[in-house]
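Colleague: I would like to go through this model and hear the grounds for each description.
Modeller: Here it is.

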Amino acid sequence: MTETAIRYSGVSKVYSNGTTAVDHLDLEIPTGSLTVFVGPSGCGKTTSLRMLNRMVEPTSGTVEINGRNVADVPAAQLRRSMGYVMQQSGLMPHRTVEDNIATVPRLNGVSKSTARTNARKLLGSVGLDESLATRYPAQLSGGQQQRVGVARALAADPPILLMDEPFSAVDPVVRQDLQRELLDLQQRLHRTIVFVTHDIDEAITLGNRVAVFARGGKLAQYATPEELLRAPANDFVADFIGRDRGFRSLTFDRAPVAVHPVTVLNADTGQRSLVDSARGDTAPWQADGTTGVTDDGAHDATHAGAGIGAGAASSQGWILLVNERNAPLGWLPVDGAGNPAPREQLRVGGTLWRAGDSLRTALDAALSSPSGQAVAVHQDGSVAGVLRGDEIMRAIEEQRNERSDRRERP
Ligand SMILES: Nc1ncnc2c1ncn2[C@@H]1O[C@H](COP(=O)(O)OP(=O)(O)OP(=O)(O)O)[C@@H](O)[C@H]1O
């Protein structure tokens, strides 16, 4: 049974100007989970978060952490037992990175040298080089500052981490990196994390559970990301999640899809070969104007011959260009006689699929590939073969049927 780390019971907050920021919130957050509070601006996410460390006191109701009412714990003690990361990293400008990270451990009585040594170790775990330890915050990029903010929040080894829009001030690419690193970190550390964002995609990417708040500080739905996408509780949640929720819910579907052999052209040597992962090798290409294999080279291919990506493993009309490490570079059109077009016509390939990736990734890889086939790669990035669009679609359909069967079963 999962333990409850945080419990809101009938919690409301009315500010002195009469604004109801939180309205009768009942919520249980399991120990070791990453729970996201999401919702439009002004719906009470930050207020709810700040009631955990008593930066805000509830007007009514109780907030408990590990069964203890936070009102009974001195605020300073409470705050030291939780990491807190904000939108602006909140680093002290006149302290070096390592001293910023060491602040709370120092307050907790850890010696300066131990705190600094630990600070340097923490830099590594948030994806930063130790050489940054002696820099000042202004000498770091926005993304690096946020990473230092996360390291600082983790420095006292707190079981609970509060994160208030920590990644919203950085550009989208850095933001994705930070999200990925947070998930990696959480896999290793299993903290109880409460994360506030107004970005539903961020919530769905990060959350084990997501609490959707509506205006007026009311909880609209509290569910797993998958449940939210598949069964929004009401129109507000459906609207807030937005378009494409069917497509986005594919993120949670994983199903075996056949990896077919594919002919590749080495960009350096000009040599063609057949990558056939089922046979565990790369075979020379048979110069008969096609790939030298038919569909029966695939693991279990039976296909309708229609729909996106339909067609033989010969990637009709296209050949996959690879580098010296067999990593895909893109697709080249091939003429009727099997001759590839000049390199200028290279269509840089779309997203890639790795074993274990979701059906959404597979479909995206197929749709973003000019050949209509998703390029499958091994963990080292080398080509493993191709997935066919029609087979991906069939796998999606099968998953959907399975789900509705499950629902109909008593
Ligand atoms: N100190 C305060 N005094 C008065 N009203 C406040 C105070 N803090 C927040 N509010 C109001 O309470 C409501 C909820 O604010 P809160 O910051 O919790 O929302 P939020 O969902 O975190 O919003 P945002 O995403 O914009 O940060 C808002 O209407 C806000 O204006």
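Colleague: Into which domains is the protein chain divided?
Modeller: The chain of this predicted model is divided into domain 1 (4–252) and domain 2 (262–396). These bounds come from an automatic or database domain assignment.

Colleague: What makes domain 1 and domain 2 count as being in contact, and how many residues are involved?
Modeller: Contact requires C-beta atoms within 7 Å, and 4 residues of domain 1 are in contact with 5 residues of domain 2. On the side of domain 1 that touches domain 2, the residues divide into 3 nonpolar, 1 polar and no charged.

Colleague: Which residues does the UniProt annotation "domain: ABC transporter" cover?
Modeller: In the unreviewed UniProt entry that annotation covers residues 6–241. Over residues 6–241 the chain is 37% helix and 25% strand, with its end C-alpha atoms 25 Å apart.

Colleague: Why is α5 called largely enclosed?
Modeller: A residue is buried if 20 or more other C-beta atoms lie within 10 Å of its own. In α5, 12 of the 13 residues are buried, so the helix is largely enclosed by the rest of the structure. Among the buried residues are G143, R147 and L154. Their cover includes β6 (82–85), α3 (97–107), α4 (112–125), β7 (160–164) and α6 (172–189).

Colleague: What surrounds the ligand?
Modeller: 13 residues do, and the closest are Y15, A21, S41, T46 and T47. Helix α1 (residues 45–50) gives the largest share of the shell, 3 residues. By class, the shell has 3 nonpolar, 9 polar and 1 charged residues.

Notes. Residues numbered from 1 in each chain as written. Predicted model: local features only at pLDDT ≥ 70, side-chain atom pairs only at ≥ 80, totals over all residues. Near = placed C-beta within 6 Å. Helix = DSSP H or I, 4+ residues; strand = E, 2+ residues; numbered from the N terminus. Nonpolar A, V, L, I, M, F, W, Y, C, P; charged D, E, K, R; others polar. Contact = placed C-beta atoms within 7 Å. UniProt positions renumbered as here; feature names shortened; annotations may be inferred.
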